[in-house]
Amino acid sequence: MRHLFITIATAVAFMAGCTREADFTAIENAVTRSFTASFASDDTRTEYKGEGKIEWAAGDVVRYYSYDGGGVGSHTVTEAGRTAEIEVELGGRSSYLVAEVGGSGIKAGTSASMTVTGAMSSSQDGSFGSAHLAVAKVTDMSSTSLSFATPGAIVKFALDRTDIGSVQFRAMGGETICGDADITVSWENGTPVASASAGKSAVKVEAGGAGTYFFSVIPGTLSKGFRIDCYDARENLVGSTSYSSPVTLAANEMLNLGTLDSRLKKSISSEQ
């Protein structure tokens with residue numbers, strides 16, 4: 001992911017990791033291989049450290065499969081760091097390896113697409129690790145490296161005030177930006193891109209007051225822009241803001257909305 005705060009031009013105008021249970025299905029005629037896992041363009045996964053480094057965390061679960069319709073395996077990262085050593089059980093017929101980190105499950109697919117559960121949902125906790133689904137694919141089976149990239153778009157925002165308990169981000173054109181079931185990841189000219197056959201046009205992000213928050217969305221263009229509604233802990237509306245021009249949320253990029261506080265209004269037209 002071209003990480004470190006890539007800001008989409010239209011947003012400029014607007015402005016002015018956890019551990020999960022690993023599931024495992026036996027892989028036939030397995031061969032054990034080791035890969036060094038890293039992230040494209042200095043991108044990383046679970047532990048956000050300002051504008052600098054982010055690292056793998058011990059307990060991150062990498063799930064993978066290695067041939068069409070084959071079994072699903074998993075590896076749990078044991079040490080934090082910029083890279084992680086991943087040990088996998090490859091199927092005897094393997095001509096590729098597909099892997100993901102950040103979802104809650106993976107279904108064996110093909111070399112062209114994979115299905116991930118528990119990612120880009122309509123309710124997110126605001127942490128970078130939770131927002132950051134990343135996937136990797138290798139077709140050169142002599143390689144010992146796995147390079148992960150982000151198939152969704154990540155949105156970042158900040159809050160200074162302490163009375164906001166949740167933030168809702170809505171696509172005003174009704175576009176699907178999240179899915180509560182399965183997310184499909186396909187490779188387009190070598191780049192992974194997420195999509196959902198069914199989903200919602202709004203994402204709710206839990207906020208614990210002042211801080212920096214992140215959430216992930218399905219890539220695409222929001223034809224009528226977006227609206228942001230902020231609520232207190234009792235779900236009372238604190239304020240809203242909106243941006244009415246088209247905005248493209250691209251896979252493997254981050255949209256930085258900046259600090260929301262000064263732009264919040266108590267009332268706003270439902271058409272905005």
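Arginine 227 is buried at 13% relative accessibility, where buried means under 20% relative accessible area, exposed over 50% and partly exposed in between (1.4 Å probe, protein chains only). Its salt-bridge partner is aspartate 229, also buried, at 6%. The model is predicted: local features need pLDDT of at least 70, side-chain atom pairs count only at pLDDT 80 or more, and totals for chains, interfaces and linings use all residues. Residues are numbered from 1 along each chain as its sequence is written, and side-chain values use heavy atoms, with hydrogens and water left out.

A salt bridge here is a side-chain nitrogen of Lys or Arg within 4 Å of a carboxyl oxygen of Asp or Glu. The whole structure holds 5 of them, including those in the table.

| Pair | Closest N to O |
|---|---|
| Arginine 227, aspartate 229 | 2.9 Å |
| Glutamate 100, arginine 63 | 3.6 Å |

Glutamate 100 lies in strand β5 (residues 97-101) and arginine 63 in strand β2 (residues 61-65), 37 residues apart; strands are DSSP runs of E, at least two residues, numbered from the N terminus. Glutamate 100 is buried at 0%, and arginine 63 is buried at 0%.

Glutamate 235 is partly exposed at 43%, and lysine 204 is partly exposed at 27%.

Isoleucine 164 sits in the loop between β11 (153-159) and β12 (166-171) and is buried at 2%. Its contacts (heavy atoms within 4.5 Å) include Leu159, Ala207, Tyr231 and Leu264. Alanine 207 is 43 residues away from isoleucine 164 in sequence, with a C-alpha to C-alpha distance of 6.5 Å.

Note on methods
Helix = DSSP H or I, 4+ residues; strand = E, 2+ residues; numbered from the N terminus. Lists of a residue's contacts leave out its neighbours within four places in sequence.
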